[in-house]
Amino acid sequence: MEDYLQFCQGKTILVTGGAGAIGSNLVRALGELGARLVIVLDDLSSAVRWNVPDLPNVLFVEGSILDEVELKRVFFEGPELVFHLAALFANQNSLDHPETDLLVNGLGTLKMLQYSALARVKRFVYASSGCSIYGSSAPLPLTEEFVSLHLSTPYQITKMLGELYCNFFHHQYDLPVVKARFFNSYGPGELPGQYRNVIPNFIYWAMQGKPLPITGTGEETRDFTYVGDIVDGLLRAGYFDAALGQEFNLASGKETRIIDLAEMINAQVGNKAGVVFVPKRKWDTKSRLLASVDRARKLIGYEPRTPLEKGLLQAIAWFKENWERITAAARFEPGVSSAVRLK
Ligand SMILES: NC(=O)c1ccc[n+]([C@@H]2O[C@H](COP(=O)([O-])OP(=O)(O)OC[C@H]3O[C@@H](n4cnc5c(N)ncnc54)[C@H](O)[C@@H]3O)[C@@H](O)[C@H]2O)c1
């Protein structure tokens, strides 16, 4: 086994948001790779308890990163590493709930950094968002040097704010921070929902024989990254010293048109209902997303390995295995702003 896969052995690790789409996959990996204890702090505001891996070395604490009592409780366990993934997710949700977005993603991240600094944790890995923080006028492929002040949703602003607080704690308190900028994660463990990403929602509609709603022309592109590759990047971020103080993209490095994605999912599921075009959302100002992974490759040896076709099959298999639980948990309440809903 490679060194970076062994680093968690015997360690106590805190994962905030560990019941979520990416967190649940990270928790499973850490648990199976031999962590002494993986503490999950998640308030289940956008997740379900059954998604937390049922392993003997995983301790689930239901609570908020804003709650001092819960923070004391989890830090009392003495985590050496913190993976901070809890967040209000994502763009549309933040338009509908801007104050909660600032509380959770801003103040919540500040509290996590304060507790981590006081506890002198060996590493604090922050889940940043490459899809968010580069704005819409950056040259492609997106590289880490580019900085934009023209962000189009509260979520994009607060994901950037989290990075700025990480930098502050790194400089002022020598907290060993790492900022991993994810791009369009997808895969097993991600529920469909009003505020969720396009892939779980497409799979959900396709499995019900409904047309897939495309917000825009379908020519828009995204850099879809299999969750297993993101988890691999996070494990590397937790191990390699070259990552300390750095920010880097975790992406697939490949661009996919939304229309091609929809057709791929319809073909894999066997859905004959095709697609429907619905108006673009005003905040959705990015027509193309493609990230460079050169910096992550250089610093931590990151290499995205999962082709989209293969990753989609894994996600669809997870949907089939958990269909009843997924349909019971899928949340498609009417949004305050415009949201895509299929009757
Ligand atoms: N999924 C993506 O494509 C993507 C892309 C870029 C960045 N990210 C970032 O990665 C992280 C994980 O994303 P995800 O896709 O797994 O989202 P997710 O919504 O599935 O996970 C976030 C988790 O945080 C929990 N949570 C929310 N508020 C909380 C609070 N106050 N206290 C404790 N827990 C709370 C939710 O219940 C959920 O389980 C987030 O920080 C997100 O901003 C995700």
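By class, how many nonpolar, polar and charged residues does the shell around the ligand have?

Analyst: By class, the shell has 17 nonpolar, 12 polar and 3 charged residues. Ala, Val, Leu, Ile, Met, Phe, Trp, Tyr, Cys and Pro count as nonpolar, Asp, Glu, Lys and Arg as charged, and the others, Gly among them, as polar.

Some ground rules. This is a predicted model: local features need pLDDT of at least 70, side-chain atom pairs count only at pLDDT 80 or more, and totals for chains, interfaces and linings use all residues. Residues are numbered from 1 along each chain as its sequence is written.

The shell first. It holds 32 residues, and the closest to the ligand are Gly-17, Gly-20, Ala-47, Ala-87 and Ser-129. A residue is near a molecule if its C-beta atom, placed from the backbone, lies within 6 Å of it. Two or more residues each come from helix H2 (21–32), strand E2 (37–42), helix H5 (98–118) and strand E5 (123–129). H2 gives the most, with 3 residues. These helices (H or I, at least four residues) and strands (E, at least two) are DSSP runs, numbered from the N terminus.

E2 and E5 lead on to the sheet. It is an open sheet of 7 strands, in the order E3-E2-E1-E4-E5-E6-E11, with parallel pairing. Two strands pair if DSSP finds at least two bridges between them. Strand E3 (58–62) and strand E11 (247–250) are at the edges with a single partner strand each, so one side of each has no neighbour in the sheet. Neighbouring strands are turned by 20 degrees against each other on average, direction ignored. Strand E1 (residues 12–16) pairs with E2 in the parallel sense over 5 bridges. Val-15 stands opposite Val-40 in E2.

Now the helices on the sheet. H5 lies across E1, strand E4 (81–84) and E5, and runs at about 175 degrees to E4. Helix H7 (residues 154–173) also packs on the sheet and touches E5, strand E6 (177–182) and E11; its direction makes about 155 degrees with that of E5. Axes are lines fitted to C-alpha atoms, for helices over the stretch in contact, and angles run from 0 to 180 degrees between N-to-C directions. Contact requires C-beta atoms, placed from the backbone, within 7 Å.

The loops hold some backbone features. A cis peptide bond joins Phe-89 and Ala-90, with omega of about -10 degrees. Ala-90 lies in the loop between E4 and helix H4 (91–96). Another cis peptide bond joins Leu-140 and Pro-141, with omega of about -5 degrees. Pro-141 lies in the loop between helix H6 (130–133) and H7. Asp-174 is not a glycine, yet has a positive phi of about 55 degrees. Asp-174 lies in the loop between H7 and E6.

Helix H10 (residues 258–269) and helix H12 (residues 308–321) pack at an angle of about 50 degrees, with axes 11 Å apart. H10 and H12 are therefore oblique to each other. Angles under 35 degrees count as roughly parallel, over 145 as roughly antiparallel, 65 to 115 as roughly perpendicular and the rest as oblique. On the H10 side, Met-264, Ile-265, Gln-268 and Val-269 meet Glu-309, Leu-312, Leu-313 and Ile-316 in H12. This contact has 6 nonpolar, 1 polar and 1 charged residues.

Conventions: Contact = placed C-beta atoms within 7 Å.
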